[in-house]
Amino acid sequence: MTATALTAARAGLVSCETCALLSRPVEAAEPGHCRRCGGKLEWRRHHSIQYTWALVVAAAICYIPANVLPVLNTTTLGSTDSDTIMGGVALLYNTGSWPLALVVLIASVMVPLGKLIALSYLLVSVQRGSIRNNHDRTRLYRLVEFIGRWSMLDVFVDTFTVALIQLQPLMSVEPGAGVLFFAAVVVLTMIAAESFDPRLIWDSGAIRRFDD
Amino acid sequence: MNDPGEIVACPECDLLQHVPELSPGTKARCLRCGNTLASQASEPIDVPLALTLGAAVVFILANTQPLMGLSAVGRQASTTIPGGAYEMWQQGEMLTAAVVAFCAVVAPGAYILFMLTTLLAVRWPPAPHWVGELLRWAESMQPWSMLEVMILGILVALIKIAELATVEPGIGMYAVGGLVVLFTAIMITFDPREVWKRVEWTDDGAEVVR
């Protein structure tokens with residue numbers, strides 16, 4: 001079906017990303033703006049592959065300090081303890097709340113890593129002009145889009161732990177440098193998912209020119 | 001346009017297809033990739049408007065009332081959502097504080113504000129074309145509004161702290177819970193196509209296909 005399917009692009013039409021109105025641009029090179037909502041018309045998201053790659057690489061770089069550096073520094077009566085994200089998971093597990101430990105492990109460690117792998121796979125498969133598993137790849141993209149926000153969980157946990165535990169001089173909690181990198185991973189992968197154009201999955205290798 | 005319904009291109013795979021006029025409560029899915037192309041609610045403007053008004057009130061409560069209180073060895077502490085972000089800022093994590101404030105306060109607040117204006121404006125068509133611009137902003141805020149993630153984060157923090165001190169959820173906590181439900185309800189009942197039908201066209205550039 002893919003080879004013969006009539007897409008808007010094949011028919012010389014552009015669908016507005018904002019209001020879904022179909023337009024027939026006068027100049028194919030410069031589709032201009034949507035007549036109804038004024039949004040910028042594009043055959044495919046601008047430089048989708050390059051932008052997404054750049055963001056994925058940046059996120060992968062931040063992923064390392066996010067996991068190595070401490071996210072919380074706890075001071076109890078003068079002595080300081082540092083916890084990384086995995087340390088926080090272990091702490092939850094040891095205090096007996098393993099369901100929560102699992103939730104945090106999935107949201108903070110597995111989801112960001114899974115997103116980086118999934119986006120890289122989507123990018124490589126599109127660049128190689130793959131026409132296989134289109135349905136599965138589309139589903140994977142939807143999953144990445146849907147699940148990405150949940151990685152922000154640990155940032156919220158740290159924020160509210162810091163905000164509440166300020167009982168100087170008995171006990172206080174300060175944020176560590178890891179939180180910033182962790183938040184950066186989440187934000188960068190979310191923007192990466194937004195800049196990836198799922199329609200590229202369905203364009204066969206022949207219409208790759210849309211990404212130029 | 002004698003033909004009821006319209007021709008659309010699937011936003012996820014670009015397949016051209018005809019979407020028939022839908023009866024209330026039904027959905028149209030893309031023939032090829034299964035993406036939801038359109039859904040028809042029975043009251044696509046008034047119900048989301050009522051829900052958004054409710055959300056505006058609950059939003060104020062959620063941001064001004066304490067989320068939770070803590071007492072340990074005779075000391076009391078409590079925090080609100082903006083208070084959490086502010087403490088991060090005070091501790092020198094300005095960027096993280098900004099991300100938290102954006103996802104927990106600015107994005108949901110802006111979403112409510114833009115939706116409220118959009119929905120009020122389209123009740124008396126033709127709506128001026130800046131309404132479309134507002135709707136676009138509202139939709140771009142949507143992925144960054146992370147109330148449901150925040151509430152789970154607060155719960156995890158509560159359970160962690162419960163090891164050390166007595167913690168009690170406050171009014172703000174229940175308000176955030178209510179807000180999560182209201183946001184979901186707005187997204188389910190609202191149909192952006194209904195707004196686009198009523199908005200004045202900006203009209204420049206490309207030829208339009210019917």
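User: How do α1(A) and α3(A) lie to each other, roughly parallel or roughly antiparallel?

Analyst: Helix α1 (residues 48–68) and helix α3 (residues 98–127), both of chain A, have axes that come within 10 Å and cross at roughly 150°. Helices here are DSSP runs of H or I with at least four residues, strands are runs of E with at least two, and both are numbered from the N terminus. Axes are lines fitted to C-alpha atoms, for helices over the stretch in contact, and angles between N-to-C directions run from 0 to 180 degrees. Angles under 35 degrees count as roughly parallel, over 145 as roughly antiparallel, 65 to 115 as roughly perpendicular and the rest as oblique, so α1(A) and α3(A) are roughly antiparallel.

User: What pLDDT do local features need in this predicted model?

Analyst: Residues are numbered from 1 along each chain as its sequence is written, while chains are lettered from A and ligands numbered from 1 in the order in which they are written. The model is predicted: totals for chains, interfaces and linings use all residues, side-chain atom pairs count only at pLDDT 80 or more, and local features need pLDDT of at least 70.

User: How many charged residues has the contact of α1(A) with α3(A)?

Analyst: Residues are in contact if their C-beta atoms, placed from the backbone, lie within 7 Å. Among those that meet are A:Trp53 and A:Tyr63 in α1(A), and A:Leu116 and A:Gln127 in α3(A). Ala, Val, Leu, Ile, Met, Phe, Trp, Tyr, Cys and Pro count as nonpolar, Asp, Glu, Lys and Arg as charged, and the others, Gly among them, as polar. By these classes the contact has 11 nonpolar residues, 3 polar and, of the charged class, none.

User: Which strands of chain A stand at the edges of the sheet?

Analyst: Chain A has an open sheet of 4 strands with antiparallel pairing, in the order β4-β3-β6-β5; strands pair if DSSP finds at least two bridges between them. An edge strand has a single partner, so one side is left without a neighbour in the sheet; this holds for β4 (79–83) and β5 (166–167).

User: Which helix packs on the sheet and touches β3 and β6 of chain A?

Analyst: Strands β3 (residues 72–76) and β6 (residues 171–175) of chain A run antiparallel and are joined by 5 bridges. In this pairing A:Leu72 stands opposite A:Pro175. The helix that touches both strands covers residues 153–164, and its direction makes about 145° with that of β6(A): it is α5 of chain A.

User: What is the order of the open sheet of 3 strands in chain B?

Analyst: Strand β5 (residues 68–72) of chain B pairs with β6(B) in the antiparallel sense over 5 bridges, and one bridge joins B:Gly69 to B:Ser78. The pairing throughout this sheet is antiparallel, and the order is β6-β5-β7.

User: Which residue takes a positive phi in the hairpin of β5(B) and β6(B)?

Analyst: The hairpin has 2 residues between its strands. The positive phi is near 35°, and the residue is B:Val73.

User: In which sense does α3(B) pass α4(B), left-handed or right-handed?

Analyst: The axes of α3(B) and α4(B) come within 8 Å and cross at roughly 150°, and the helices are therefore roughly antiparallel. Their contact includes B:Phe114 of α3(B) and B:Trp137 of α4(B). A crossing is left-handed if the near helix is turned anticlockwise from the far one by less than a right angle, and right-handed if clockwise. The crossing of α3(B) and α4(B) is left-handed.

User: Which helix gives the largest share of the side of chain B that touches chain A?

Analyst: The contact takes 62 residues from chain A and 56 residues from chain B. The side of chain B divides into 34 nonpolar, 10 polar and 12 charged residues. The largest share, 10 residues, comes from α5(B).

User: How do α6(A) and α3(B) lie to each other?

Analyst: Helix α6 (residues 178–195) of chain A packs on α3(B) with the axes 9 Å apart and an angle of about 45°. A:Leu180 and A:Val187 are among the contact residues of α6(A), and B:Leu95 is one of those of α3(B). From the angle, the two helices are therefore oblique.

User: How far apart are the C-alpha centres of domain 1 and domain 2 of chain B?

Analyst: Domain bounds come from an automatic or database domain assignment, which gives chain B domain 1 (1–40) and domain 2 (43–198). Their C-alpha centres lie apart by 31 Å.

Technical notes: Two residues are in contact if their C-beta atoms, placed from the backbone, lie within 7 Å.
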